[in-house]
Amino acid sequence: MKKIISGKELQEKMKESIHLLCDTVKQTLGPKGNNVLIDHSNYSPFITNDGVTIAQNIESEDETIGTIMEIVKEASIKTNDEVGDGTTTTLVLLESLYEQSIEFVKNGESPIILKKELDKVLEHILELLNRLKRKASDSDLKKIACISAGDEKLGEIAYQVIKKVKQKEGIVIKEVLDNKTSVSYLKGYSCETTLASPYFLVESNQIKYKDAYILLLNTTLTDLEYISTILNDILSTKRPLLIIANNYLDNIVEEIVSLTLTENIPIILLKIEDYGMHIYETMKDISCITNANIIENEEYIKNNDIGVADSIEINKESIRINFNPTLKNKNYLKKLKKENKQNKSELEINFYQKRIAMFDKGTAEIKLGAPTKTEWQEKRMHLEDSICALSVSNEGILPGSGISLLQTANELHEESPATQIWINTLRKPFEQVLKNAGLDYANIRKEVENNKFKIIYNILDEKWEDVEQSKVVDPYLVVVNSLINATSIAGMLLTTTSLIINEHKNNINKETEYNNW
């Protein structure tokens, strides 16, 4: 049965939903923010102060509140997807924007017009922030890394890895439960693969070959006659052969397995573990490295169609092909960077940036140590936040702890409802950071304003610092994305006057599960 909620009832439900979500999350804001313990149905309970993680785990049995909360969460999730940090700030801004705006609507303001005015003031705020930003030095980047990680050692690791690898997509974090953390820098091209048969890796979990032949088939291998010339060469030379194809007929796999076992011939059949054009693009990458031709349809394959890998490592889940930089590789890298600029979706950008990292500076593997699984999960989230914050810091930095937003609020003077709302909202992150640290917001704000924003209070070190020299900084893009995403969702909620929900959705789902059982 459908239920319609509208008017004041909906407004109150929206406020309740935002409060339920934001009151928990905003306690974590700042260097002295608190942690939240989360019980998870599929995993062990864990402790975190990561805003988006906390938000995603907050639910309500009230269908109306739950529906609204999913929309509110979107602001935080979008910020996390775009810049990997600033998720809590996003919710603090959103809560203030909506609560103040709805009061003006109750007093007769048009929600549609108010939303447009809020968007217009936001444009001016972004202009002011753009003037405040400055280029990040190496020292600034270290500060950002440590602040985002909440730990100097983790921050230093993030800084060093990003400095060397450049692309965050080229960084892999692995778990080590011995409290020791190490970093390995890897050269070469790697991709996830699937063995056509487990019999190709019976004796060991990994095989290393030198000067191995590579054959790329953008089709299904259905007849060994098509590769008979190559197989005859392999039989006589015993040289390793790696075949990567879209698929194989079962009898082909059986025949190759038989050959490898009876004739002791090093042949391995693989499939790339991806989908659609990503498979073909990966084949193109391997083709560039090995000079193998990509065979598009079944035909007799000649020896000059195959490529050669200097050295290759194969395990049950992936391959790594090591190669020396050539002019061909460098030109291919330029081509990848050019193509990536045309990508719009986050998925495609990530796919390209990982490939760019492998052709450019290489990749890194961080073996992150912690004594317990709970602590490891927390350290991993902080390390990821630090890496993401560094990756967007090329666009500039701003004074941290909400100071840049507070300064921007003081530069807004027009007495329109939208401007009043924004002035109050821009002060909220600074206020919340100090509140979580148990500090006197009014006195510290007064001191900052009296010194014309030339000083900043370092909460961790408990001292005043020159704003230009302070390590309390935020990446410009993190602040901008927090503002944009908070405004977008707050505006959508403000202009929503009715909600239609399935009143007995949960009961229906439970009945279905019971009947299926």
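**Helix packing and local features of the predicted chain**

H413 is exposed, because its relative accessible area is 60% and the cut-off for exposure is over 50%. The model described here is a predicted one. H413 sits in the loop that runs between helix α14 (403-409) and helix α15 (417-436). Its C-alpha atom is separated by 8.8 Å from that of I423, a residue ten places away along the chain.

The chain as a whole contains 18 helices and 18 strands. Along the principal axes, its C-alpha atoms fill a box of roughly 85 × 60 × 45 Å. Of its 517 residues, 50% count as buried. When contacts between residues at least 6 apart in sequence are considered, 77% of them join residues at least 24 apart.

Two packed helices are described by the angle between their axes and by the distance between those axes. Helix α4 (residues 87-106) takes part in two such pairs, one with α17 and one with α3.

In the pair formed with helix α17 (residues 476-494), the angle is about 35° and the axes are 8 Å apart. The crossing of these two helices is right-handed. On the α4 side, the contact is made by T89, T90, L93, L94, L97, Y98, S101, I102 and V105. These residues meet S482, L483, N485, A486, T487, I489, A490, L493 and L494 of α17. By residue type, the contact of α4 with α17 comprises twelve nonpolar residues, six polar residues and no charged ones.

The pair formed by α4 and helix α3 (residues 63-83) has axes that come within 8 Å and cross at roughly 145°. This crossing, too, is right-handed. From α3, the residues in contact are V72, A75, S76, T79 and N80, and from α4 they are T87, T90, L91 and L94. Here the residues divide into four nonpolar and five polar, with no charged residue.

S101, a residue of helix α4, also belongs to the contact with α17. S101 counts as buried because its relative accessibility is 1%, and the cut-off for burial is under 20%. A polar atom of the S101 side chain lies 2.6 Å from the backbone oxygen of L97. Leaving aside residues up to four places away in sequence, S101 touches L114, L118, I421 and L494.

Another part of the chain is helix α7 (residues 152-165), which has 14 residues. From its first C-alpha to its last, α7 reaches 20 Å, close to the 20 Å expected at 1.5 Å a residue. At the N-terminal end, α7 is capped by D151, with a side-chain oxygen of D151 lying 2.9 Å from the backbone nitrogen of K153. After α7 comes K166, which has a positive phi, near 75°.

The buried residues of α7 are L154, G155, A158, Y159, V161, I162 and V165. Both helices and strands are included in what covers them. The helices in this covering include α6 (138-149) and α13 (373-391). The strands include β4 (171-176), β5 (182-186) and β13 (363-369).

Key. Residues numbered from 1 in each chain as written. Predicted model: local features only at pLDDT ≥ 70, side-chain atom pairs only at ≥ 80, totals over all residues. Heavy atoms only, no water. Axes fitted to C-alpha atoms, helices over the stretch in contact; angles between N-to-C directions. Helix = DSSP H or I, 4+ residues; strand = E, 2+ residues; numbered from the N terminus. Left-handed = near helix turned anticlockwise from the far one by under 90°. Contact = heavy atoms within 4.5 Å. Nonpolar A, V, L, I, M, F, W, Y, C, P; charged D, E, K, R; others polar. Buried < 20%, exposed > 50% of the residue type's maximum accessible area, 1.4 Å probe, protein only. Polar contact = N/O pair within 3.5 Å; in protein donor to acceptor, adjacent residues only side chain to side chain. Expected span 1.5 Å × (residues − 1).
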